[in-house]
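Open the model in your viewer and keep the selection tool at hand.

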Amino acid sequence: CAIVILANVVMQRQWRFKNVLAQEDDTGAINSDPVLRQLLVLAVLNTAPVAVSSTLFLFFVESRLMAPELAGPLLILFFLAAAATAPIWTFLAARYGAKPVLLFSMVAAIFVFLNAFFLTSGQTSRFALICLASGATLGADLAILPAIFARRLSSTGAPAEIGFGLWNFASKLSLAISAVIVLPVLEFFGFQPGHNNSDTGLFALSFGYAILPCALKLLAIWRLLRLQLGD
């Protein structure tokens, strides 16, 4: 709460309020643009890997790595890496193009995160490196994709407030779907949080935490390759 209040104080002169009600065609202006629609689909697909891994993160650290006391520091490391690298990805996108840089980061994320599948009990140092590297690739998602969406909104004249409302909805949808589907599926394959699990249950946990996000990331890459952004 204190950070939110501080942010409002610091940004006080940046806010611009307009007493404008949304028009009936606001959403239609976004739906009528094929690139904006594809970007919203990409937002769902590209957020899905993070949503799945975030849902299973605590279970993975606790039951697979057997290091529940490190869950907090490792999670902080992941998000700090994402925040620290976001400006770097922005610089690279401005120099080499948003789509190629984003594609590179997504492929790198797969190669990095795939290593989590092979981790066993006590390998926290290797997992810390994975958190650091995968957090760095997440920085590209946080910096580049919303910028691409914002630029397209600006070029089409679609209302930004409606556009980013749909963007946030698409992002949160992935988290909701992953929580509803992934946890019951893991339970079906024998994984029980907080219990001594069999090899089958631990395998299901590792598969869900590492392999499934990589497969979803491949779908996002496929969608990005088909996306025609123009200049």
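Select Lys217 and Asp141: both are buried, where buried means under 20% relative accessible area, exposed over 50% and partly exposed in between (1.4 Å probe, protein chains only). Asp141 counts as buried because its relative accessible area is 11%. This is a predicted model, in which local features need pLDDT of at least 70 and side-chain atom pairs count only at pLDDT 80 or more, while totals for chains, interfaces and linings use all residues. Residues are numbered from 1 along each chain as its sequence is written, and side-chain values use heavy atoms, with hydrogens and water left out.

Now show the side chains. Lys217 and Asp141 form a salt bridge, with the closest N and O atoms 3.0 Å apart; the term requires a side-chain nitrogen of Lys or Arg within 4 Å of a carboxyl oxygen of Asp or Glu. The pair joins distant parts of the chain, 76 residues apart: Lys217 lies in helix H8 (residues 199–226) and Asp141 in helix H6 (residues 124–156). Helices are DSSP runs (H or I, at least four residues), numbered from the N terminus. A search of the whole structure finds one salt bridge.

Next, select what surrounds Asp141. Leaving aside residues up to four places away in sequence, Asp141 touches Asn46, Leu102, Ser105, Met106, Pro146 and Lys217, contact meaning heavy atoms within 4.5 Å.

Last, select helix H4 (residues 71–96) and helix H5 (residues 98–113), which pack with their axes 7 Å apart, at an angle of about 135°. On the H4 side, the contact is made by Trp89, Leu92, Ala93 and Tyr96; H5 contributes Ala98, Pro100, Val101, Phe104 and Ser105.

Notes: Helices (H or I, at least four residues) and strands (E, at least two) are DSSP runs, numbered from the N terminus. Axes are lines fitted to C-alpha atoms, for helices over the stretch in contact, and angles run from 0 to 180 degrees between N-to-C directions.
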